[in-house]
Amino acid sequence: MVMLGRGGKEQSERHASDTAELLNRIQPRFVGVLTTHLEEGTPLFDLVESGEFSLPSRYGMVKELRHLISKLELDNSLLTSAHASNYLTIRSVLPKDKRKTLAYIDSIMSKADENLLKPEFMRGL
């Protein structure tokens, strides 16, 4: 399992690159993607409230997912972002579906339509 957003807005790309580097070393058969969700009363919530940390936007999370996938060099791994926390559901066998998956994410991002992403109330958190 990996978690999008933990690097915050400022370190989003680096977080995705570092996560991909680790996964490339491990070569897991399954990669489950989750998206960081703020919960009141937690240390991360307090950091966001104080302005010390900021999560990527909804599209920023999708961009981080795209960057993660672009850096992955896995051999026959199932990657899924079907968890309720994610804004975009992906189910991809890597490396076979990598190009198709990136093209799909690019098409969503190019439209910049918030309605194409899972709404907050449907995230079930």
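1. Terms first. A residue is called buried under 20% relative accessible area, exposed over 50%, and partly exposed in between. Keep these cut-offs at hand for the points below. The structure is a predicted model.

2. Start with Glu 21. Its relative accessible area is 43%, so Glu 21 is partly exposed. Its salt-bridge partner is Arg 25, with the closest N and O atoms 2.7 Å apart. Arg 25 is exposed, because its relative accessible area is 60%. Both residues belong to helix α1. They sit four residues apart there, about one turn of the helix.

3. Helix α1 holds another such pair. Arg 14 forms a salt bridge with Asp 18, and the closest N and O atoms are 3.6 Å apart. The helix covers residues 12-26. Arg 14 and Asp 18 are four residues apart in it, which means a separation of about one helical turn. How accessible is Arg 14? At 55% relative accessibility, Arg 14 counts as exposed. Asp 18 has 39% and therefore counts as partly exposed.

4. Next, a pair from separate parts of the chain. Arg 58 forms a salt bridge with Glu 120, the closest N and O atoms being 4.0 Å apart. Arg 58 lies in helix α3 (residues 58-71), while Glu 120 lies in the segment after α4 (98-111). The pair therefore ties together parts that are 62 residues apart in sequence. Which residues are joined with Arg 58 into one network? They are Glu 114, Glu 120 and Arg 123, joined with Arg 58 by salt bridges that share partners.

5. Is Arg 58 buried or exposed? Arg 58 is buried, because its relative accessible area is 18% and the cut-off for buried is under 20%.

6. For the overall count, a search of the whole structure finds seven salt bridges. The pairs described above are among them: Arg 14 with Asp 18, Arg 25 with Glu 21, and Arg 58 with Glu 120.

7. Last, a surface feature. Which residues gather in a patch of negative charge? They are Glu 39, Glu 40, Asp 46 and Glu 49, and the patch is on the surface. Glu 39 has its place in the loop between β2 (30-35) and α2 (43-50). At 45% relative accessibility, Glu 39 counts as partly exposed.

Terms used:
Residues are numbered from 1 along each chain as its sequence is written. This is a predicted model: local features need pLDDT of at least 70, side-chain atom pairs count only at pLDDT 80 or more; totals for chains, interfaces and linings use all residues. Side-chain values use heavy atoms; hydrogens and water are left out. Patches are made of residues with over 30% relative accessible area and no salt bridge: like charges are joined within 9 Å, nonpolar side chains (Val, Leu, Ile, Met, Phe, Trp, Tyr) within 5 Å. Accessible areas come from the Shrake-Rupley method with a 1.4 Å probe; for residues, only the protein chains shown count as cover. A salt bridge is a side-chain nitrogen of Lys or Arg within 4 Å of a carboxyl oxygen of Asp or Glu. Lys and Arg count as positive and Asp and Glu as negative; His and the chain ends are not counted. The place of a charge is taken as NZ of Lys, CZ of Arg, CG of Asp or CD of Glu. Helices (H or I, at least four residues) and strands (E, at least two) are DSSP runs, numbered from the N terminus. Buried means under 20% relative accessible area, exposed over 50%, partly exposed in between (1.4 Å probe, protein chains only).
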